[in-house]
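Hi,

Here is the model I promised to pass on.

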Amino acid sequence: MDKLFIFDTTLRDGEQVPGCQLNTVEKIQVAKALEGLGVDVIEAGFPISSPGDFNSVVEISKAVTWPTICALTRGVEKDIEVAAEALKYAKNKRIHTGIGTSDYHIRYKFNSNQEEILQRAVAAVKYAKRYVEDVEFYAEDAGRTDNEYLARVVEAVIKAGATVVNIPDTTGYCLPVDYAAKIKYLFEHVNGIQNAIISTHCHNDLGMATANTLAGVMNGARQVEVTINGIGERAGNTSLEEIAMILKSHKELLIDTNINTQKITPMSRMISSLMNMPVQPNKAIVGRNAFAHSSGIHQDGVLKNRESYEIIDPKDVGLDENSIVLTARSGRAALKHRLSVLGVDVKDNERLDEIYQEFLKLADRKKDINDNDILMLAGKERLEKQRIKLEYLQVTSGVGIRSVASIGLNIAGEHFEAAATGNGPVDAGINALKQIIKRKMTLHDFLIQAITKGSDDVGKVHMQVEYEGNMYYGFSGNTDIVAASVEAYIDAINKFIQ
Ligand SMILES: CC(=O)SCCNC(=O)CCNC(=O)[C@H](O)C(C)(C)COP(=O)(O)OP(=O)(O)OC[C@H]1O[C@@H](n2cnc3c(N)ncnc32)[C@H](O)[C@@H]1OP(=O)(O)O
Ligand SMILES: CC(C)C(=O)C(=O)O
């Protein structure tokens, strides 16, 4: 297996994203987590850019042990001096310097010409070499740089001592076939290329960052510059998790990384939370839906054999399990599975079908069906077979009066009635219930939730009732929330009275 070096630039290119700025303490936290993840190089910042960024590079250098700490500079002496100073405490250090090589950059950014830029590139590498052994050179906008000129620059900087040469597709313009050809061209035309590692740094403006990075690797690049969750300037960078999992999934490529893939999900969540940058739900590997199956045919297939619809074991990226999301497109297999996970075993297909029909009606109204909804549906089923049934409930309540409730119960075929007052209609209803069921019961959890949005909505009630030291759960749903509350209490009682 060939080793691919993972160069993480979440703290530099990722942190350039508006709103994603981190303070030094947060950056140290991220750097330590990246070290745990197994990255080879951490690009910690651009020290000349601000005192805060300088300080972060210093502190990360002190905090991190084995990955190389890299600092970015322009091809400018002062930048290089400041970067070297910031890296003073790093055990393994690298300066990443460079200059734009495309005609756009040479003409408009620098008002210069190819020969002068080539000389500035070489001078920058030589200057950085005065401070550190490990110097990486970037040919900014290499994606749009003419290959013949790029090869001359790459050859010259390697001769000047560059240990790594970065070929960025800065604007995310390249097609994978063209980026592949560019890397191949360099390997075929640069004398001394074996003395340096060729690196990719692909942006995602056209959604091709990962494809381009992979094309580079398949043509000889052995370092990839990536970020967690693919964050970065504009549309972002190649995402670390995608490259790591592509190589883990396609062993035939014979290329390996040091990444401990089981740390990918926690790392992704840490970055998303610290940088206030939500991950799009369908993002490969780390999106909320990356391992969620929501349609009946897929769910049935996955429940029969995970690999029917999953190419990655969720455990390999640090998730406990995949998720079977119940929607109006789900089938009986998924519903039955969820019920059994929740402890409700539906053995009889006729019963399952009845619950399923109720489920479909609810799913058409409500986008997210959660576990409580499912339990409530199964509970409604159960209500009909319960020992204690609510026959009627009448409540009077209002402002400035004490609530009064009268209740009628059918207990194993016998009729009982009672009335009581209470502190509000629910309390009155439960007090009336307790006039008939004279047991020492305590209500703990009591949650009322609207299912959809209208005022005619179903109120869903979830309760926890303690009886003789044990907890019993009760569920119900009704457009009358007082009735739903009393029904939920009766549901809990039925669980210990039968
Ligand atoms: C592709 C990448 O470089 S990705 C990194 C991008 N990240 C950043 O830009 C964040 C950090 N940047 C900064 O803090 C500031 O831009 C600084 C400190 C670097 C420079 O600030 P200023 O001196 O005010 O310059 P300003 O940002 O306005 O313009 C950039 C200057 O750098 C020059 N420059 C840009 N890239 C390079 C380079 N690689 N090598 C040499 N000079 C460069 C530009 O031509 C311009 O010079 P000019 O003023 O003579 O025209
Ligand atoms: C500094 C370089 C590597 C960069 O960020 C780019 O070209 O996008």
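Predicted model: local features only at pLDDT ≥ 70, side-chain atom pairs only at ≥ 80, totals over all residues.

Residues are numbered from 1 along each chain as its sequence is written, while chains are lettered from A and ligands numbered from 1 in the order in which they are written.

The protein chain splits into domain 1 (2-274), domain 2 (294-382) and domain 3 (386-497), with bounds that come from an automatic or database domain assignment. Taken over C-alpha atoms, the centres of domain 1 and domain 2 are 44 Å apart. Nine residues of domain 1 are in contact with six of domain 2 (contact means C-beta atoms, placed from the backbone, within 7 Å). On the domain 1 side, α9 (240-249) and α10 (264-274) each supply at least two of the residues that touch domain 2. Helices here are DSSP runs of H or I with at least four residues, strands are runs of E with at least two, and both are numbered from the N terminus. That side of domain 1 has three nonpolar, four polar and two charged residues; Ala, Val, Leu, Ile, Met, Phe, Trp, Tyr, Cys and Pro count as nonpolar, Asp, Glu, Lys and Arg as charged, and the others, Gly among them, as polar.

Now the ligands. Around ligand 2 you'll find Asp 13, Leu 72, Tyr 138, Glu 140, Asn 166, Pro 168, Thr 170, His 201 and His 203 (a residue is near if its C-beta atom, placed from the backbone, lies within 6 Å). The elements giving two or more residues to that shell are β6 (135-140) and β7 (164-169). Ligand 1 has 13 residues around it, the closest being Phe 46, Ser 49, Arg 74, Gly 75 and Ile 99. Its shell divides into five nonpolar, five polar and three charged.

Last, the sheet: three strands make an open, antiparallel one in the order β13-β14-β15 (strands pair if DSSP finds at least two bridges between them). β13 (388-396) and β15 (414-422) sit at the edges with a single partner strand each, so one side of each has no neighbour in the sheet. Eight bridges join β13 to β14 (residues 403-411), and Tyr 392 stands opposite Gly 408 in β14.

Cheers

Note on methods:
Contact = placed C-beta atoms within 7 Å.
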